[in-house]
Amino acid sequence: MTLAERYDALFIDLDGVVYRGDQAIPAAINILPKLRRYGLLFLTNNSARTPEQVAEKLGGMGVQAEPNEILTSALATAALLRREGAAGRTAFVIGERGVREALQAVGIQLLDGEPDRADLVVVGWDRAVDYAKLRTASLLVERGARLIATNADASYPAPEGLWPGAGALLAAVTTTTGAHPTVVGKPSSPLFQAAAEATGAIAPLVVGDRLDTDVGGAAAMGWDSLLVWTGATRPADLLAARTLPTYVGEDLSVLLDERPPGRFRPATDQDVEPLREVLEGSGLRSSGLERRLPRTLVSRGSDGRSPVDATACLEEFDGFGLLGSVAVRPDLRGKGLGMLVTAAAVGEARSRGAPRVFLLTETAEGFFKGLGFSVIERDTLPEAIRTSARTVEECPSAVAMAIDLHP
């Protein structure tokens, strides 16, 4: 099965996945027409544009999209308020056409100028915001209006640099009032809930370029995610991630590829022989495997008969981590599992409070450099690692590498 075939809908981020700035990502132009039959919905935290405007922008880049295939944080905000029975209530809005039209469509009355009271204050991205709007919004919240944010993105990536995003405007109101807003956009759940409602999806795949909004939001919903490298995130960022994606890949073409999910768990006695097979198939020693089992991670099918797809072992020496036995089934190499299992093991080290993780490698120096490890002199290894059997007997000529961890 390809990735797309495993899920009942594909929720795809736009900026960094389908386009960068005003340029479509080439894979998006080629792949998206083949994905429509899988239930496609574009998600964006940008509340300024209407779906029609977004579709027009995409069309100008050579990406065909219908307005009903686009879910903005503005629409999700309106959907949330509709579910809560907010029709007929009044709202003061900091935002552009997208959010204003979405709120009016569900029966919310918009207030302009400097009203004394409002039921709601809705903050979205607004390139025409001024001090008067921020002052009015803050006063209305102080007088009892409920504060809602279409999204909390602190910045907006423009061609010349970062502009203040909706989150920056929201911060002015929350700093002034101390109010705690309801946030709709990713990684919060209302946008995802609106996407599920719009498609009827139960088990969708979230596709994005950011660990915090796309991957973190999907995980909070109990959904799988695909992280692509066409936008904000680089492979080295995985090692600092709180939540890992299920898959990683170069671009949207991965959705038409066959690759297993990276679901890592501690190894058990039932994994010994499949582990031995994948280690030896990768040219790694399997001696002492049983001893290292409690500190070994595996990704393997749930039927008990599947081979081990990927594995890594994280041993501890005087509080430091030693990463070893990183292996991926030969037929699955190049599909991101090595990155994911390394990141999962480093995450284990961080959770245990290790300040640094070391490793020894004969042939994969370039791979680990791409994930943020640096080459070090072997004589700078902590004594417990430098004098261990792994270092002295099993890896006498290997390159030593290390990465510093931050809590």
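These legends describe close-up views of a predicted model. Local features need pLDDT of at least 70 and side-chain atom pairs count only at pLDDT 80 or more, while totals for chains, interfaces and linings use all residues. Residues are numbered from 1 along each chain as its sequence is written, and side-chain values use heavy atoms, leaving out hydrogens and water.

**View 1. Five strands form an open, parallel sheet.** The strand order is E7-E6-E8-E9-E12. Strands are DSSP runs of E with at least two residues, helices are runs of H or I with at least four, and both are numbered from the N terminus. Two strands pair if DSSP finds at least two bridges between them. Strands E7 (109-111) and E12 (182-183) each have a single partner strand, so one side of each lacks a neighbour in the sheet. E12 pairs with strand E9 (residues 146-149) in the parallel sense, over two bridges. Ile-148 has Thr-182 in E12 as its bridge partner. Helix H3 (residues 73-83) packs on the sheet and touches strand E8 (120-123), E9 and E12. Contact here means heavy atoms within 4.5 Å. The direction of H3 makes about 145° with that of E9. Axes are lines fitted to C-alpha atoms, for helices over the stretch in contact, and angles run from 0 to 180 degrees between N-to-C directions.

**View 2. Lys-186 and Asp-13 form a salt bridge.** The term requires a side-chain nitrogen of Lys or Arg within 4 Å of a carboxyl oxygen of Asp or Glu. By this rule the structure has 27 salt bridges. The closest N and O atoms of Lys-186 and Asp-13 are 2.9 Å apart. Lys-186 sits in the loop between E12 and helix H7 (189-199), and Asp-13 lies in strand E1 (residues 10-13). The two are 173 residues apart. Both Lys-186 and Asp-13 are buried. Buried means under 20% relative accessible area, exposed over 50%, and partly exposed in between (1.4 Å probe, protein chains only).

View 3. Glu-197 is partly exposed, at 43% relative accessibility. Arg-82 is partly exposed too, at 42%.

**View 4. Asp-404 meets Arg-356 in a salt bridge.** The N to O distance is 2.8 Å. Asp-404 belongs to strand E22 (residues 399-404) and Arg-356 to strand E20 (residues 356-361), 48 residues apart. Asp-404 is partly exposed at 47% relative accessibility. Arg-356, at 27%, is also partly exposed. Elsewhere, salt bridges with shared partners join Arg-291, Glu-315, Arg-390 and Glu-394 into one network.

**View 5. Tyr-156 and Trp-163 form one of nine aromatic pairs.** Rings of Phe, Tyr and Trp (its six-membered ring) pair if their centres lie within 6.5 Å; planes under 30 degrees apart count as stacked, over 60 as edge-to-face and the rest as tilted. The ring centres of Tyr-156 and Trp-163 are 5.8 Å apart and the planes stand at 40°, so this pair is tilted. Trp-163 is partly exposed, with a relative accessible area of 31%.

**View 6. Phe-368 and Phe-373 pair edge-to-face.** Their centres lie 5.7 Å apart, with 80° between the planes. Phe-368 is buried at 7% relative accessible area. Phe-373 is buried at 3% relative accessibility.

**View 7. Phe-11, Phe-192 and Trp-223 make up one aromatic cluster.**
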